Amino acid sequence: LKLFKYYFLNIRNVFFFITHEWIFHQIVWSNSKRLNSNLKSIKKLNKNFDFNNLKDMMIQNYIEDLDKYQIQEKIGVGSYGVVYLIKKIGTDELYAAKVTKVECLKVQDQKSFLKEVTAFSRVKNPAVLSLIGFNFLNFRKEHFPTIITEYMPNSSVDKLLIKYPNFPSSKRYIILLGIAIGMECLHSHGIIHRDLKPANVLLD
């Protein structure tokens, strides 16, 4: 299902750009006598359609109201922060919420956090956790940013190897392939993981 969504998104994006190019040529070349007026219309359209504003609007859509979620349990602690299993109130939907340990009060810190979340939101790949949303506060309304992602129920590779030391080599290769695909995707977006280790490789 995740692979289907991934490829469907890419096909939809390609279709959008092909349609955009077709409309562009139709506007420009449909009537040579109106070429100048069409060019003015296109310039006006491009001026009003600001891709940077579109990106900002998109990241705004990821802001989540934490009151809609309920903490179930703590499932991880790291140098970056604490991870909780959370449930969306009124549903059976489970997610993971990572609450940072560092306060985000300064404007520069907020910009840095927003830049990280924006980059995260643009990565769409079955081998990379999907971003659900974020908030500049934690569940206690304190200034510790929270990032909500999809929940991986089968924990991490380090715990898997402790529980099953003779884990089949074939499945190890499948996991390695997933890691390679995920890293390739991140690098193609100019993102460096910086903390790749078994504890940070999650299993669905």
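Reply: The largest nonpolar core has eight residues: I59, Y62, C104, F113, V117, L131, F134 and I147. A nonpolar core here is a set of buried Ala, Val, Leu, Ile, Met, Phe, Trp, Tyr and Cys residues joined through side-chain atoms within 4.5 Å. Buried means under 20% relative accessible area, exposed means over 50%, and partly exposed lies in between (1.4 Å probe, protein chains only). Two elements, α4 (107–122) and β4 (131–135), each supply at least two residues of this core. Helices (H or I, at least four residues) and strands (E, at least two) are DSSP runs, numbered from the N terminus.

A word on the source. This is a predicted model, in which local features need pLDDT of at least 70 and side-chain atom pairs count only at pLDDT 80 or more, while totals for chains, interfaces and linings use all residues. Residues are numbered from 1 along each chain as its sequence is written, and side-chain values use heavy atoms, with hydrogens and water left out.

Now take Y62, one of the core residues. Y62 is in contact (heavy atoms within 4.5 Å) with S121, K124, L131, I132, G133 and F134, leaving aside neighbours within four places in sequence.

C104 counts as buried because its relative accessibility is 4%. C185 is buried too, at 5% relative accessible area. A search of the whole structure finds zero disulfides (pairs of cysteine sulfur atoms within 2.5 Å).

Next comes E64. This residue is found in the loop between α3 (51–60) and β1 (69–77). E64 touches Y69, I132, G133, F134, N135 and I148, not counting residues up to four places away in sequence. E64 is buried yet has no salt bridge. A salt bridge needs a side-chain nitrogen of Lys or Arg within 4 Å of a carboxyl oxygen of Asp or Glu. For E64, the nearest side chain of opposite charge is K88, 5.2 Å away. Lys and Arg count as positive and Asp and Glu as negative; His and the chain ends are not counted.

Where are salt bridges found? The count comes to three. One joins the side chains of K141 and D67, at 3.1 Å from N to O. That pair links distant parts of the chain. K141 sits in the loop between β4 and β5 (146–150), D67 in the loop between α3 and β1, and the two are 74 residues apart. K141 counts as partly exposed because its relative accessibility is 47%.

Another pairs D92 with K87, the closest N and O atoms being 3.8 Å apart. D92 is exposed, at 70% relative accessible area. K87 is partly exposed, at 27%. K197 and D195 also meet in a salt bridge, at 3.9 Å from N to O. Here K197 is partly exposed at 39%, and D195 is partly exposed at 33%.

Finally, step back to the chain. There are six helices and five strands. From the N terminus on, the elements run α-α-α-β-β-β-α-β-β-α-α. Of the 204 residues, 25% count as buried. Among contacts between residues at least 6 apart in sequence, 51% join residues at least 24 apart. The chain exposes about 15,000 Å² (Shrake-Rupley method, 1.4 Å probe; for residues, only the protein chains shown count as cover). Carbon and sulfur atoms supply 59% of that area.
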